[in-house]
Amino acid sequence: AADADNAAPQASATEGRQYLSQPLISEIYTADPSAHVWDGKIYVYPSHDIEGPTPEDDLGSHFEMRDYRVLSMDKIGGPVTLHPVALDIDQVPWADKQMWAPDAARKGDTYFLYFPAKDKQGAFRIGVATSKSPVGPFEPQPEPIKGSFSIDPAVFTDSDGKSYMYFGGIWGGQLQRFTTGEYDPNGSKTDLQADDQPALTAKVAMLSDDMLQFAEQPRDVVVTDENGKPLLGGDHDRRFFEASWMHKYNDKYYFSYSTGDTHYIVYAIGDSPYGPFRYTGRILEPVEGWTTHHSIVEWDGRWWLFYADSQLSGQTRLRNVKVTELFYNPDGTIKTIDPFVS
Ligand code: FUB
């Protein structure tokens with residue numbers, strides 16, 4: 001999701017500023033990094049940004065990605081391996097275009113790649129593909145996950161082994177066009193257009209034992225203010241836009257997401273994977289480029305924020321993934337990260 005009108009101010013705001021961290025790779029453009037640690041090694045599942053003919057618009061039509069490639073590292077700060085194509089859109093019978101932000105999960109000896117794409121009707125759905133290797137190649141299921149819609153799947157496996165998918169996005173992510181359960185191509189372009197009503201939220205559904213379907217109807221991921229009231233649609237600095245992520249720290253559930261048109265990565269804390277989650281603060285201040293999208297992972301006893309900006313290209317549609325350390329305060333709040341050091 002992007003807004004061409006905002007591109008110029010964002011770009012000029014970066015002039016003369018030093019980046020906090022450098023792109024993990026420069027061979028291809030990457031975004032939306034979902035990081036996981038398996039057997040001590042770090043795997044990153046990003047979107048693979050490409051040049052395309054479609055002009056920028058508010059619905060992100062210019063994000064025309066067609067495949068996924070996995071990155072891996074033995075340690076953070078060490079060499080990064082860019083693996084061959086793990087899944088191509090031509091392998092996915094139901095998918096027409098726009099393979100957006102993916103995530104991955106592992107159960108037993110199988111790895112699962114979850115990905116959104118537009119179907120032939122122009123509606124975003126979420127698919128799943130499997131492999132015996134964390135870097136693929138992945139074999140897709142012939143149909144999207146039954147009852148899935150919108151974008152940005154993030155799969156969290158709790159300590160009891162149950163897995164949950166968080167997903168959704170407004171504007172180009174189409175949540176506002178699925179309010180009846182069916183896709184409405186003529187629905188609002190942006191959100192509910194009701195600033196004083198509870199904002200549209202991400203969705204969460206437990207996954208089936210085989211990790212290939214929802215085990216239940218998706219529920220709302222409710223994010224509340226300090227008084228326990230759901231955040232409102234007009235609260236653009238805090239309300240959900242896209243890029244869900246879930247992690248657990250000291251037995252609390254941290255739901256984090258992008259605020260989209262205000263360009264923050266923020267978080268909310270709850271006592272259960274279903275929430276409700278109380279808005280707590282910002283994790284990341286705006287980066288260069290319109291979008292960012294993140295993941296949070298523990299590796300070697302420390303916590304890491306993976307995110308993306310447009311440092312290499314200066315263009316929102318051609319992004320690059322990065323990583324930086326994330327620190328908690330003693331009360332469990334997260335220290336806000338500035339993506340620039342000066
Ligand atoms: O990469 C395409 C879309 O832009 C993602 O799905 C969103 O999270 C945003 O990063």
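Predicted model: local features only at pLDDT ≥ 70, side-chain atom pairs only at ≥ 80, totals over all residues.
Lys 132 is exposed, with a relative accessible area of 59%. Lys 132 has a partner, Asp 109, and the two form a salt bridge in which the closest N and O atoms are 3.1 Å apart. Asp 109 sits in the loop between β6 (103-107) and β7 (110-119), and Lys 132 in the loop between β8 (124-131) and β9 (139-140), so this pair ties together parts that are 23 residues apart in sequence. Asp 109 also counts as exposed, because its relative accessibility is 51% and the cut-off for exposed is over 50%.

As a reminder, side chains of opposite charge can pair when their charged atoms come close. How many salt bridges does the structure hold? The count is 19. I will go through some of them.

Take Asp 90 and Arg 66. Their closest N and O atoms are 3.3 Å apart, and they form a salt bridge. The loop between β4 (80-88) and β5 (95-97) carries Asp 90, while Arg 66 belongs to the loop between β2 (41-49) and β3 (67-73), so parts that are 24 residues apart in sequence are tied together. Is Asp 90 buried or exposed? It counts as exposed, at 64% relative accessibility. Arg 66, at 38%, counts as partly exposed.

Next, Arg 125 and Asp 119. Their side chains meet in a salt bridge, with 3.3 Å from N to O. Arg 125 has 22% relative accessibility and counts as partly exposed. Asp 119 has 9% and counts as buried, because the limit for buried is under 20%.

There is also a network of salt bridges, which links Asp 32, Asp 49 and Arg 319. Two of those names come up again at the ligand, so let us turn to that.

Which residues come nearest to the ligand? Of the 10 residues around it, they are Asp 32, Met 65, Asp 152, His 293 and Arg 319. The shell divides into four nonpolar, two polar and four charged residues.

Now the contacts with oxygen atoms of the ligand. A polar side-chain atom of His 293 lies 2.6 Å from one such oxygen. For Arg 319, a polar side-chain atom is 2.7 Å from a ligand oxygen. Ala 101 takes part through its backbone, where a polar atom is 3.5 Å from an oxygen of the ligand. How much of the ligand's accessible area does the protein cover? On its own the ligand has 280 Å², and the protein covers 100% of that.

Definitions and conventions:
Residues numbered from 1 in each chain as written. Heavy atoms only, no water. Near = heavy atom within 4 Å. Polar contact = N/O pair within 3.5 Å; in protein donor to acceptor, adjacent residues only side chain to side chain. Areas by Shrake-Rupley, 256 points an atom, 1.4 Å probe, with all protein chains shown as cover. Nonpolar A, V, L, I, M, F, W, Y, C, P; charged D, E, K, R; others polar. Salt bridge = Lys/Arg side-chain N within 4 Å of Asp/Glu carboxyl O. Helix = DSSP H or I, 4+ residues; strand = E, 2+ residues; numbered from the N terminus. Buried < 20%, exposed > 50% of the residue type's maximum accessible area, 1.4 Å probe, protein only.
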